[in-house]
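Please read each point against the displayed model.

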Amino acid sequence: MKNIFKITYLIIFLLAGISQINAEEKVDLLKTDWSFKGLFGKFDRGSLQRGYQVYTEVCAGCHSMKYVSYRNLSEPGGPEFSEEQAKAIAANFEVTDGPNSDGEMFIRPAKLSDKFVKPFENVKAAQAANGGAYPPDMSVLAKARSGGVDYIYSLLLGYEDAPSGVTLDDGVYYNKYMYGNKIKMSQPLMDDAVEYSDGTKATEEQMAKDVTTFLMWAAEPHLESRHKMGFKAILYLILLTILVYFSMKKIWSRIESEV
Amino acid sequence: MSDHEYVPKSKFGKWFNDRLPLLTLASHLADYPTPKNLNYWWTFGGILTFCLITQIVTGLTLAMHYIAHADLAFESVEHIMRDVNYGWLIRYIHSNGASMFFLAVYIHIFRSLFYGSYKSPREIIWIIGIIIYLLMMAAAFMGYVLPWGQMSFWGATVITNLFSAIPLVGVGIVEWLWGGYSVDNPTLTRFFTLHYLIPFLILGLVVLHIWALHIPGNNNPVGIDVKKPSKDTVPFHPYIVIKDAFALLMFMIIFAFFVFYSPNILGHADNYIEANPMVTPAHIVPEWYLLPFYAILRSVPDKLMGVIAMLSAILILAALPWLDTSKIRSAVFRPLYKQFYWILVVDVLILGYVGAMPAEGLYLLIARVATAYYFIHFLIILPVLGSKEKTIPLPLSITEPVLGGAPMASAVKKKESLN
């Protein structure tokens, strides 16, 4: 039994070291309570719905979300809008479909099965409209930055006046958390940039938290079922391990030896 | 192979077994005499078999949904993560499974180093193991390219470019590997093909690895030959099977924590950005399990020499049975070797650490010292140690320690208290 502990310690030590290495780039990011962290972490439904509102009213003007579909908005584990609400949301957007039987392309309102409509036709068009910088697609953004949600949350709140000695070109802004501190996105969130229908006060921090929660869901739409299944799987494995341990003791007791 | 001839009980069984002795093989595997003093470091062989099968099964499932095309690969992975039923589970098992596989293989290799399992008569087992390890690295590297993220693309560019260091034909070889003038769609499709092939080569080699093991039988913590079958051994089933199962379950709990609660912690965030040949990431780092070799590569100023050093660092292991001149297998009876062994472990961990850091300043210096020590360990310390070291007397058998002797083997001590 002593050996088992030794092995376990060693493994945990090694893995802790590995994750340390991968986390080395982290600076002191702003922290907030994320409801989706931890063994039983779940998304806050209200926060997801508000986050969608911030995304669609503030971010979606420049940032696409090309891997997420309107139907996802009403799926379990997400913002859980009703199907009618999701249909109504989709109907606000227009997509080009076709060709029809006359061989013509036509424009129709978006349906649940459509992916989120992109603000720009292509990367070049997006760059042309944004001073040469491409606003990254937001589908997996929460997983594509070291520091993850903490980084995005910090970045959204990290706009400051440039310290003396730092000169900024036109259309470049100073952000404490951006790599190199220079960012081409102007400060996206100001107090009351959106009006929440559930009465929540739309402070800068509140919006940053909501939209980041929404981005985490967009990047990991199955996070809740993953946490739920993980708990059951690990509990099952632990019980089975205990049973196997006693079976092993019993079997090895037939011969005079120590396991 | 078995000492006693197996005769099936049923008539059909006998008829079948006379034509294809599968039942004899099964009976050999179940009865296989195993030293009874094996500790938990010996359970990693079974764990590795589990890892290989898990990777093959999840990999086959992923291949049904993945599209090996430069324009579609990233999207198809997102499709797996979002729309395929339990696709996220299968992919996270596969991607974390690679890390778990390497974790287990490093423990397995370092167990061999500690207990001298590579020594006569087990050289062939060891060399097959090194070939498996090389193939594992190739498979893991190519697998990492398939999601076609930024690290995939730039990792592939850096590693394939190593071949350009070969004089005269280097550039030609690199273009041949790429199937073009840069890493692009032809590179992706061939990497996918090879990534699909290699696990089955590994599977074949694993069969040979186990076959070769079953000729001399397992080494053991005391490192002396065991008469088999005897009271020093137990049949593989049920004794070793149940013990392996217990260790495997412990391993699976750790595995599950990664899959369900931090599935991306061992990967790099940049790989969730689609590959872009026009934008180079700030730091290009390989997966953690390749970091020590990456550190060796970068610690040599000359590119060609760096590549040679990196390859030698792995291939030198194949020569280990002849570099280690000591006749004593287990480090338990080699007080000096035991210390050098732990220094080597620390050395490799340091190499892994500096491999993840930028190759400059103090990090580079540490990497150079650690690289030098790595080779000194194998090329100088081990050969010299064999003749100079004063070893502790070996017990006569794993159950009966020498009279009056006080071997340090904990296994032996335990026996004494029991007898």
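1. Helices (H or I, at least four residues) and strands (E, at least two) are DSSP runs, numbered from the N terminus. On that basis B:Leu297 belongs to helix α11 of chain B, residues 291-299. This is a predicted model, in which local features need pLDDT of at least 70 and side-chain atom pairs count only at pLDDT 80 or more, while totals for chains, interfaces and linings use all residues; side-chain values use heavy atoms, with hydrogens and water left out. Residues are numbered from 1 along each chain as its sequence is written, chains are lettered from A, and ligands are numbered from 1 in the order in which they are written.

2. B:Leu297 has a relative accessible area of 10% and is therefore buried (buried means under 20% relative accessible area, exposed over 50%, partly exposed in between, with a 1.4 Å probe and protein chains only). Neighbours within four places in sequence aside, B:Leu297 is in contact with B:Leu162, B:Gly306, B:Val307 and B:Met310, where contact means heavy atoms within 4.5 Å. Between B:Leu297 and B:Pro358 the C-alpha to C-alpha distance is 13 Å, with 61 residues of sequence separation.

3. B:Thr187 sits in helix α9 of chain B. Its relative accessibility is 1%, so B:Thr187 counts as buried. Setting aside neighbours within four places in sequence, B:Thr187 contacts B:Leu177, B:Trp178 and B:Ser182.

4. Chain B as a whole contains 16 helices and 2 strands. Of its 419 residues, 55% are buried. The C-alpha trace of chain B spans about 70 × 60 × 45 Å along its principal axes. Of the contacts in chain B between residues at least 6 apart in sequence, 78% join residues at least 24 apart.

5. Chain A comprises 7 helices and 4 strands, in the order α-α-α-β-β-α-α-β-β-α-α along the sequence. Buried residues account for 41% of its 259 residues. In chain A, 60% of the contacts with a separation of 6 or more are between residues 24 or more positions apart.

6. A nonpolar core is a set of buried Ala, Val, Leu, Ile, Met, Phe, Trp, Tyr and Cys residues joined through side-chain atoms within 4.5 Å. The largest such core has 146 residues, and B:Phe102, B:Leu113, B:Tyr133, B:Trp148, B:Phe251, B:Tyr374 and B:Phe378 touch the most other members. The greatest contribution to this core, 18 residues, is from α5(B). Apart from it lies another core of 48 residues, including A:Phe36 and A:Ile152.

7. How many cavities of 30 Å³ or more does the structure hold? There are 6. A cavity is a set of points, on a 1 Å grid over the protein atoms alone, where a 1.4 Å probe fits but cannot get out; lining residues have an atom within 4 Å of a point. Grid points are joined across faces, edges and corners, and a volume is the space filled by probe spheres set on the points. The largest cavity contains about 880 Å³ of space. Its lining has 40 residues, and B:His94, B:Ser95, B:Gly143, B:Tyr144 and B:His195 are the closest to its centre. With 8 residues, α5(B) gives the most to this lining of the largest cavity.

Terms used: On a 1 Å grid over the protein atoms alone, a cavity is a set of points where a 1.4 Å probe fits but cannot get out, and a pocket is an open set with protein on both sides within 12 Å along at least five of seven lines; lining residues have an atom within 4 Å of a point.
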